[in-house]
Structures are given as C-alpha cells and as structure tokens.
Amino acid sequence: LGLQRASGVHLVSAHTGMGTTVLAEQLEQLLDEGKEAWVVGAQNAGKSSLINRLSQKYGGGETSDVTRDVNGGPGLGPIASHLPGTTLGVVRLENLLPSGADVYDTPGLLQPSQVSSRLNSEEARMVLPRKRLTPRTYRAEIGSTIHVGGLGRIDVLDGPQRTMYLTVWASADVPTHYMLNGFQKSEGGKADLLYKKHAGSKLTPPIGEKRVKQLGEWGSRVVTVYGSSWQRSDRDVV
C-alpha cells in the first residue's frame with residue numbers, strides 16, 4: 001500500500017469488540033478535524049464488520065443512516081457478509097468519529113493465494129467460522145498426511161524425531177483427516193487415492209465433483225520449521 005511505517009498494529013475482533021476501543025482511541029488521536037480514514041484490506045478480512053462495530057460505538061447503530069456513495073449517490077452503508085465482493089464500491093460514512101472524520105469502506109483486494117475468493121456462497125459459509133475455533137492436534141509421524149477438507153493437505157516429509165505435533169485451526173464445518181504413510185509412493189500414494197475418491201463428498205469444501213474440477217489441481221510448497229520446546233507452539237503456517 002506504499003506505507004513507509006505503521007502508526008500502530010492492533011489485534012481486534014469486530015464480532016466481540018475486542019481491541020476496538022484501543023483502535024478507536026488511536027484513530028481519534030491521529031485524525032484531526034477534516035481528515036479521512038480509508039479501510040483497506042483483503043476480501044473477507046472483516047473491513048465492513050469493523051466499521052459497523054465502530055459505528056455502534058459512536059451511536060451509529062448497525063449501520064449509519066448518513067452514508068453516501070463516494071460518487072454522490074445516497075449509498076446503503078457497509079453491508080457485512082461472508083461472500084467475497086459484497087462491497088462493490090467505495091462507501092463513505094460521514095462524521096463517524098468524534099473528530100468529524102469520514103470513514104471510507106472499500107472493496108476487498110484480490111490476493112492470488114486467497115482461496116476464499118474462488119469459493120461459492122455455500123463453500124464460503126463452511127470455511128468462515130461462526131463460533132470459537134477448536135484446535136485439532138495430531139501427533140503426526142514422518143510420512144503422514146493431514147487433509148484439510150478438499151482444499152489442501154499437509155505432508156510431513158522429514159523431522160529430527162519420528163513424530164511431531166501439528167495443530168490445525170479451521171472451521172468446525174471443514175473436516176480434517178489424518179493418515180499414515182499418506183504420500184509415499186511405496187505405499188501406493190494413499191493420500192492421492194483418498195482425495196480422488198472423496199474430494200467433494202467427504203472432503204469438503206469444495207462441494208461436488210464439478211466444483212473439484214473447477215478449482216483445478218493443487219500446487220505444493222515445502223515449509224521448513226524449527227522449534228525450541230515441546231511445551232508450546234513454535235511456528236504458524238498460514
């Protein structure tokens with residue numbers, strides 16, 4: 001985005017309100033009268049939901065009735081949805097902050113590696129969690145595979161010991177499947193066979209054989225991680 005440095009980094013939840021008060025306080029300090037705030041980010045990052053949370057904080061209700069389309073039309077206010085591309089144009093919320101600053105909601109930026117932009121509405125509902133995530137931890141052996149729905153899989157290629165702990169964080173609607181000797185050709189490539197047989201049915205999303213074909217073949221990436229303790233998580237892979 002061309003930023004040389006960030007004035008602040010905040011972990012926030014538009015759903016629970018966590019961290020939004022601290023964020024709002026810094027916005028009030030940074031935005032003098034007449035300045036504007038533009039909310040920019042990837043699709044489904046929660047931009048509109050965050051604006052709605054700020055609107056509630058400052059007495060604007062679920063959405064503000066003073067919003068205008070940036071091109072001069074009446075506008076509809078920010079509509080939060082699990083569907084990518086819900087915000088079709090720039091939407092202005094006038095005087096949202098106590099300083100009188102306007103806040104602009106923008107369409108999500110497309111990310112080449114973001115799979116959610118390729119999902120249909122039913123699949124997107126499965127992927128985006130609607131309640132607190134429950135960790136799924138596996139003591140994965142070298143050579144094992146963990147399928148994450150039909151969207152990806154983790155192959156444990158090598159390690160200093162026979163096993164390692166892997167925790168998957170995913171929506172409760174996305175199934176995971178652990179199997180030994182999943183990718184080894186000497187064992188018949190069981191992970192490939194499982195995907196071929198169950199992708200679109202037991203391994204979802206995607207939903208249905210047609211959608212599996214539409215999403216196409218997977219790519220692969222080797223990730224090397226290092227740890228210093230068995231008592232805590234050392235690396236995150238997104």
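Mentor: Start with Gln-26: a polar atom of its side chain lies 2.9 Å from the backbone oxygen of Ser-7. The model is predicted, so to speak of local features takes pLDDT of at least 70, and side-chain atom pairs count only at pLDDT 80 or more, while totals for chains, interfaces and linings use all residues. Residues are numbered from 1 along each chain as its sequence is written, and side-chain values use heavy atoms, without hydrogens or water.

The side chain of Gln-26 also makes a polar contact of 2.5 Å with that of His-10. A polar contact is an N or O pair within 3.5 Å; within protein, one atom must be able to donate a hydrogen and the other to accept it, and sequence-adjacent residues count only if both atoms are side-chain atoms. Leaving aside neighbours within four places in sequence, Gln-26 is in contact (heavy atoms within 4.5 Å) with Ser-7, Gly-8 and His-10. Gln-26 sits in helix 1, residues 20–30. Helices (H or I, at least four residues) and strands (E, at least two) are DSSP runs, numbered from the N terminus. Gln-26 is buried, at 18% relative accessible area. Buried means under 20%, exposed over 50%, partly exposed in between (1.4 Å probe, protein chains only).

Now the rings. The whole structure holds three aromatic pairs. Among them, Tyr-138 and Tyr-178 are stacked, because their centres are 5.7 Å apart and their planes at 20°. Rings of Phe, Tyr and Trp (its six-membered ring) pair if centres lie within 6.5 Å; planes under 30 degrees apart are stacked, over 60 edge-to-face, the rest tilted.
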